Amino acid sequence: MTQDNKVAALDAEGLTLKSVSLWQVTWRRLFRRRSAMVGLGILGALILIAFAAPLLAPYDPIRSMLDVDGYPREFAKRRAAPCIHIMGDCPDEQPQHIMGLDGNVRDAFSRLLYGTRISLFIGFSTVTFAIVIGTVLGAVSGYFGGWLDNVIMRFMDVLLAFPSLLLAIAIVTVLGPGLTNALLAIGIVSIPSYARVVRSSVLSVREMDYVSATRALGGSNFDILFRRILPNALTPLIVQGTLGIASAILDAAALSFLGLGAQPPLPEWGKMLADERNQVFTAPHLVFYPGFAIMLTVLAFNLLGDGLRDALDPRLAHNT
Amino acid sequence: MEERTVNKKLFNLLSLLVLASMMLAACGGQATEAPATEAPATEAPATEAPTEAPTAAPTPEPTPIPDVPIATFDGTSLSVPAEECNGDYAGLIQSVVATDANTVTFTLCRPDPAFLSKIAFNVYGIYPSEWIEATAGDGIRTSEGLEHPIGTGPYMVSEWKRGESVTLSANPEYWGEAPYAETLVFRWSTESAARMLELQAGTVDAIDNVGPEDFETVKNDATLQLKERPALNVFYIGITNTVAPFDNVKVRQAIAQGIDRQRIVDTFYPPGSEVASHFTPCAIPNGCVGDAWYEFNADAAKALLAEAGYPDGFAMKLYYRDVVRGYLPQVSNVAQDIQAQLKENLNIDAEIVVMESGAFIEASTSGSLTDGIYLLGWGADYPHITNFLDYHFGAANPQFGTQSDTYTDLLVEGAQIGIPTEAESIYVEINNAIREYVPMIPVAHGGSGVAYRADVTNPQASPLGTELFYVSDPGGRDTFVWMQNAEPISLFCADESDGESLRVCEQVVESLYTYEINGSDAIPALAESCTPNEDLTVWTCALRKGVKFHDGSDFDAADVVATFNMGLNIGSPFHVGNTNLWEYFDYLWGLMKKPGG
């Protein structure tokens, strides 16, 4: 009997296990976690909003109603309360603004929608930046060890010794305020955590037998590190990255709130919050919605990150 | 063993190298960054002038020649040689002499009809001569001088908790009406909402600069009262005209016509504010004679800009400091509205740059913000047209770049005429010339409000921002708590220019004259009267007798001379203050010096 026949026979008896990849398992586990699904759902909605912002937004986010042709001047009042026709709380001839107008007579709802773009962009770009650099540093450091490891990790320790927001503020102060510089600062600040995570998983993976086997077969360092070790050290990075997006968005909002991040008239949530913080009591809608949007986004990434951590944890494998 | 030490050495060497390269990289990064942030002037032409980019040849910085002191002081007389008045000495005061213990005579180089209004300014408050000698010197001014001013005022400073409050206690020997409240406390908060909350909670008796959105709240609250402060100020958009495109008068006129100022005032200013028809408010004699400012006309503006060679607009910066002032209560919103209007009406892309207050003042007033426009304003120090026009448009002021001689010469002429009606024709010409040349765009005269608890008597909102709290009774309570926008910078009253510091000084030190409560007329204070000679060049002041300083010493003419010696005489060892710029002594009188070399 040939090998093929044996397998075919087993197949016929329904005894072979269909090979299942890590990702399929993870997905399956993730799907069972309700909180993670909520996170994923919110995130999906946010991404949709980000892409469809021009279609969804009723007005230009940086244009004052005073500049909009044909807009009735008597209703173009700064910080006007929300006007929703269905609720019947404002006259029909008043244009509808479901989140009211902001301090510069702009439509708060449109600004909020466009803000989704900025926040998601901030989250993904800074974390990508930090992951790329952190992975290279951590991998090199963990794989080669010795003095190189010492130098890199001590430098990372130095970065970690500063409170991250403080360090980001220091970097932005040197580079000058602005969204790009804020992104760079947050990226730099979050490098160490990724470098550490990658280093620790590389340290454990590089001792595995299959790595030794590759080395015995004459694989180059590069080959071993990037094709054998790294793919197997990725899981904790994914978790860290998802959670990292949440903190990056928070940090960016904080920088903008302090006037160091996004510059006017960009509709960044942190900036919107800062602009109207004096109006907590006179125009609460202008403070509530951006704050709520930040909270929702951060929550989505945190829920998803937590779910991913559980789903990717091999110790929980028997649960599948 | 041998190998290990080699390895260790190698390791040390390498780590050193890495560290060194990191430091180099870090320093290198800064070095390349610095020019972009600190010297936009040199970059501006290349990036922003599409037509011609004059490559400025690096001129070597000329070594500054120190000014030469020219005054002599002997305790009872401070003077510069009379012939210097016609020479290089640009100052106004030729001498301050104590003729006897209770008489001081000011001799001026030129007639000054605004003398009384100026001398009433609190910066010229009189200090005891002994105190000046004890706390000042060639070395560093002691903290006593910076935090505990000694004057003759109704209150004395008892404690300054940095970052928290300044506490003043009543002067038991005050020569005037005794203060109502035993203790006067100054507190501060930059947020108008926070100030409002404190007032509503009853923890403070009065707050300065009620937020525009809170005017109605205060009016509708029976436990509060609102006092509106007349708009004796101006908010303007400054343009430094040294570099293209701003060196083209058509560009400046285009911006002037392309901004809807009415909309800014309607949208962002509290009641009582008005669109500026002229730089000087109309309440000041001759302030708004001549043609009113350009009407908003987007099409005409666009045409002018095209004519100047920028049909598609250009990119520039819009500078401001995030500081609330009566002339500009909603800084960031106004800046964003101007940004939006420039884009909408003229297709000018303005990048907003928020600067630290001190750095902004320094950069704007020295004329180094050449790659854009800036938002600044002016509140009257004393109610005279020279306080507005001469300061801003005098030939020596670099803040708008090059001043035009179509008005600079006339300003000198107008300042010497005492009777407003006689000077009117000159000021018509000046105002029209400024309108034509557009060194800046006057936008608004901002009204502001002070809110008091309803039981406070004699609520004040001085048009000059010089409220004197000893005349107000805080509902019978012992302590009057006042909350303003910011903490005083320091209390060296003769060398301060910040309104928040000067308001504390106001309660402590007194000048020869003062401004009437809730008004701007100069009335006698430490002097019983100051009378001029025929041509307004000699002013003789009869001093009040029996006045005592807080430290118990008697007030006499020598104190007046010593105070002016400290402020004006750059050769004096006591000419050491807080900033050492002596801005108001320099600007209203002129320091006693002439250029060296």
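**Largest cavity**

I looked up the volume of the largest cavity and got about 100 Å³. I note that the model is a predicted one. My search of the whole structure turned up 4 cavities of 30 Å³ or more.

Next I checked what lines the largest cavity. I found 13 lining residues. Nearest the centre of this cavity lie A:Asp102, A:Ala108, A:Met272, A:Leu286 and A:Pro290.

Which helices supply at least two residues of the lining each? I found three entries in chain A: helix H4 (108–144), helix H11 (269–275) and helix H12 (284–312). H12(A) gives the most to this lining, with 4 residues.

I then sorted the lining of the largest cavity by class. I recorded 7 nonpolar residues, 5 charged and 1 polar.

**Helix pair in chain B**

I turned to helix H13 (residues 385–393) and helix H15 (residues 420–437), both of chain B. How do their axes cross? They come within 13 Å, and the crossing angle is roughly 45°. I therefore logged H13(B) as oblique to H15(B). The crossing of H13(B) past H15(B) is left-handed.

I listed the residues that meet. From H13(B) come B:Ile385, B:Thr386, B:Leu389 and B:Phe393. From H15(B) come B:Tyr427, B:Ile430, B:Asn431 and B:Ile434.

What classes make up the contact of H13(B) with H15(B)? I have 6 nonpolar residues, 2 polar and no charged ones.

Methods. Residues are numbered from 1 along each chain as its sequence is written. Chains are lettered from A and ligands numbered from 1 in the order in which they are written. This is a predicted model: local features need pLDDT of at least 70, side-chain atom pairs count only at pLDDT 80 or more; totals for chains, interfaces and linings use all residues. Side-chain values use heavy atoms; hydrogens and water are left out. On a 1 Å grid over the protein atoms alone, a cavity is a set of points where a 1.4 Å probe fits but cannot get out, and a pocket is an open set with protein on both sides within 12 Å along at least five of seven lines; lining residues have an atom within 4 Å of a point. Grid points are joined across faces, edges and corners, and a volume is the space filled by probe spheres set on the points. Ala, Val, Leu, Ile, Met, Phe, Trp, Tyr, Cys and Pro count as nonpolar, Asp, Glu, Lys and Arg as charged, and the others, Gly among them, as polar. Axes are lines fitted to C-alpha atoms, for helices over the stretch in contact, and angles run from 0 to 180 degrees between N-to-C directions. Angles under 35 degrees count as roughly parallel, over 145 as roughly antiparallel, 65 to 115 as roughly perpendicular and the rest as oblique. A crossing is left-handed if the near helix is turned anticlockwise from the far one by less than a right angle, and right-handed if clockwise. Contact means heavy atoms within 4.5 Å.
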